[in-house]
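User: I'd like to understand how the labels for this structure are assigned. Could you take me through them?

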Amino acid sequence: PSVAIYPTDTSCTTPQPIAWAFLGLDASLTTLHVEPAYRGLGLAKSLSLKLFSEEMETYCQHNPVSTDHNSVQERYAHADVATDNKASQGVCESLGGKWHFQVFWIRVVLV
């Protein structure tokens, strides 16, 4: 699933998005980008909320045995954020996210 925000200026025949986000195969927020001129306006948070609130059904498993239609289904969302990316960490925190663990990657070239 993905979402994008386009400018409202209709003079351009092929408008380019000013912000976009994608959920990965593991339901993580894998891509979140806002063009520099539009940062600080809450667009990243809006995109994330839209994805997490409307597109997470793709990843949720429903209990067919449950007949309680008023029960709240608990869902977890996650994002992979670089440790030096303070802006993205701020977006995650504004959504109620908490830092749970660090993952370190290493690339090994075998010759």
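Analyst: Happy to! Four strands make an open sheet of mixed pairing, in the order E1-E2-E3-E4. Its edges are strand E1 (2-5) and strand E4 (78-79), each of which pairs on one side only. This is a predicted model, where local features need pLDDT of at least 70 and side-chain atom pairs count only at pLDDT 80 or more, while totals for chains, interfaces and linings use all residues. Residues are numbered from 1 along each chain as its sequence is written, and side-chain values use heavy atoms, with hydrogens and water left out.

User: What makes E2 and E3 a pair?

Analyst: Two strands pair if DSSP finds at least two bridges between them. Strand E2 (residues 19-23) and strand E3 (residues 28-34) have five bridges, in the antiparallel sense, so they meet that definition. Ala-19 has Val-34 as its bridge partner in E3, and Ala-21 has Leu-32. In the hairpin of E2 and E3, four residues lie between the strands, and Ala-27 there takes a positive phi near 70 degrees.

User: How do you know that E1 and E2 pair too?

Analyst: E1 and E2 run antiparallel and are joined by four bridges; the definition asks for at least two, so they pair.

User: Which residues of E2 are on its covered face?

Analyst: Ala-19, Ala-21 and Leu-23 are on the covered face, with Trp-20 and Phe-22 on the uncovered one. In a regular strand the side chains alternate between the two faces of the sheet.

User: Why is Trp-105 called exposed?

Analyst: Exposed means over 50% relative accessible area, buried means under 20%, and partly exposed is in between (1.4 Å probe, protein chains only). Trp-105 has a relative accessible area of 80%, so the residue is exposed. Trp-105 lies in the segment after helix H2 (86-94).

User: And how much of the chain is buried?

Analyst: By that cut-off, 19% of the 111 residues count as buried.

Technical notes: Helices (H or I, at least four residues) and strands (E, at least two) are DSSP runs, numbered from the N terminus.
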